[in-house]
Each structure stands twice: as C-alpha cells, then as structure tokens.
Amino acid sequence: MDKVMDLSADFTRTTKELDKFYAELNAAKSFGWYFRSADRKAVNEIKDRMAPIETEYKQLEKRRDTLESEARGELGLWSEAGIQEARDVFWSTYKRGRRSAQAGIVWDLVWELFRSDNYEDSVNFLFRIIWIVVSNFVMFLITSSIVFLFKVVWVIRSFKPSLISGIFFYLVATLAALSTVGAMISLLVGAGVGSAAIVAKNARYLPQSNRRRYVRHQRTHQE
C-alpha cells in the first residue's frame with residue numbers, strides 16, 4: 001500500500017511539472033517559430049529541461065505496470081477483476097465498432113443520393129436502404145468480434161495464469177462473445193427481413209418512378 005501511495009504522489013508531482021513545461025512550450029511555439037533562431041533556441045532549452053521529467057514519468061509508468069501485474073497475478077484470472085476486464089474489453093470494442101458502422105451507414109447513404117442510375121420505384125430504394133443498414137451493422141459486429149479475440153489475449157497474459165487456465169478462459173470468453181454477437185446478428189437480420197416484408201406488402205401504396213409511369217403510358221397508347 002505504501003508503494004502505491006508513493007507512486008501516486010510521484011505521478012501527481014511529475015504530471016504537474018510536465019503540464020507546466022507543456023504550457024511553456026506552447027507559449028514559446030509562436031507562429032513561424034521554427035524559422036527564427038532565437039525561438040528555436042528557446043524551444044530546445046525547454047525540451048532539454050523537460051527531458052529528465054519525461055524520463056522519470058516513463059519510469060513511473062513501468063513501475064505502475066509492474067505493480068498492476070503483481071496485483072493481477074495475486075487476484076487471478078478467474079477473479080471478478082479478470083472477468084470484468086474481459087467484459088470491458090468486449091463492450092469497448094463493440095462501442096468502437098458501432099461508431100464505425102454508423103459512420104459507414106452515413107457515407108453509404110450519402111453516396112446513394114448521388115448514384116447515376118435511378119431506381120425504378122421507391123420499393124427498390126427502400127430495399128437498398130435496409131440492406132445498407134443491416135450489412136454495415138453485421139460487418140461491424142463480425143470485425144469487432146475478431147478484434148476482441150486478439151485483445152482478450154492481452155488481458156489473459158496480464159494476469160499471468162497457467163497455460164491450461166489461460167486456454168480455458170480464452171475458450172469461455174470466445175464462446176460468450178460469439179454467442180452475444182450471434183444473438184445480435186440474428187436480431188438485426190430478423191429486423192431487416194421484417195422491414196423488407198413490410199415494404200413489399202405495401203409496395204402498391206408507395207410512389208413509382210416517372211420512368212415506370214412513362215413505360216406504362218407508352219404501353220397503354222400502343223394498345
């Protein structure tokens with residue numbers, strides 16, 4: 001406990017000193033500072049004074065990592081801390097992938113507005129929108145699962161378990177992640193199929209394109 005308190009105090013001290021140096025460095029880096037010898041000299045002097053503090057901060061980080069590794073080894077991989085960390089890694093990966101999927105959907109929808117070919121009617125257009133939403137979310141779930149399978153290895157290694165315990169934990173974490181992702185994909189695909197069925201059922205009430213109306217008009221006149 002004393003080691004942790006001393007380490008925390010050292011972190012607080014070095015962080016405050018680094019903040020002062022960064023503020024001084026930002027003030028010295030005025031516009032065009034690199035092309036003025038006096039400003040370059042001032043910036044280099046600040047960096048020289050800051051270098052020992054940065055080195056000390058990196059050493060403190062190594063000490064912190066060592067203490068965390070020792071604490072995790074005492075707790076064990078199957079402890080509440082180990083299981084919770086694996087869960088946190090999964091959900092953080094999921095949230096990051098969800099943001100990527102949302103961005104992909106937005107860009108795909110933007111490109112849809114600038115397609116050179118027009119759809120025959122609004123039904124095909126709605127089918128395309130449903131496909132864009134479902135495919136992006138399914139893709140992000142699959143890629144997030146793959147990323148999690150790599151990240152959870154680092155969680156396991158940080159607790160330094162035995163080989164058998166680590167392998168078994170990895171298999172359990174993989175099974176839990178794939179089960180959760182499989183349930184999400186099933187819900188997404190089901191929602192997409194249901195939405196497509198509703199669109200198809202109400203197709204006759206949706207507006208048709210001018211091109212199809214023109215074709216029907218031409219057929220009527222020919223008859």
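How many cavities of 30 Å³ or more does the structure contain? In this predicted model, the count comes to 1 cavity of 30 Å³ or more. The largest cavity holds about 50 Å³ of space. Its lining is formed by Phe90, Thr93, Tyr94, Leu141, Ser144, Ser145, Phe148 and Val181. Two or more of these residues are given by each of α3 and α4, and the largest share, 4 residues, comes from α4. By residue class, the lining of the largest cavity comprises 5 nonpolar and 3 polar residues, with no charged residue.

Lining residues of the largest pocket are Ile83, Ala86, Arg87, Phe90, Trp91, Phe148, Phe169, Val172, Ala173, Ala176, Ala177 and Thr180. At least two residues of this lining are supplied by each of α3 (80-113) and α5 (163-201). The largest share, 6 residues, is contributed by α5. The lining of the largest pocket is divided into 10 nonpolar residues, 1 polar residue and 1 charged residue. Phe90 and Phe148 are found in the lining of the largest pocket and also in that of the largest cavity.

The geometry of α4 was also examined. Helix α4 (residues 122-158) has 37 residues and, at 1.5 Å a residue, should span 54 Å; this agrees with the model, because the C-alpha atoms at its ends lie 54 Å apart. Lys160, which follows α4, has a positive phi, near 50°.

Technical notes:
Residues are numbered from 1 along each chain as its sequence is written. This is a predicted model: local features need pLDDT of at least 70, side-chain atom pairs count only at pLDDT 80 or more; totals for chains, interfaces and linings use all residues. Side-chain values use heavy atoms; hydrogens and water are left out. On a 1 Å grid over the protein atoms alone, a cavity is a set of points where a 1.4 Å probe fits but cannot get out, and a pocket is an open set with protein on both sides within 12 Å along at least five of seven lines; lining residues have an atom within 4 Å of a point. Ala, Val, Leu, Ile, Met, Phe, Trp, Tyr, Cys and Pro count as nonpolar, Asp, Glu, Lys and Arg as charged, and the others, Gly among them, as polar. The expected span of a helix is 1.5 Å times one less than its number of residues. Grid points are joined across faces, edges and corners, and a volume is the space filled by probe spheres set on the points.
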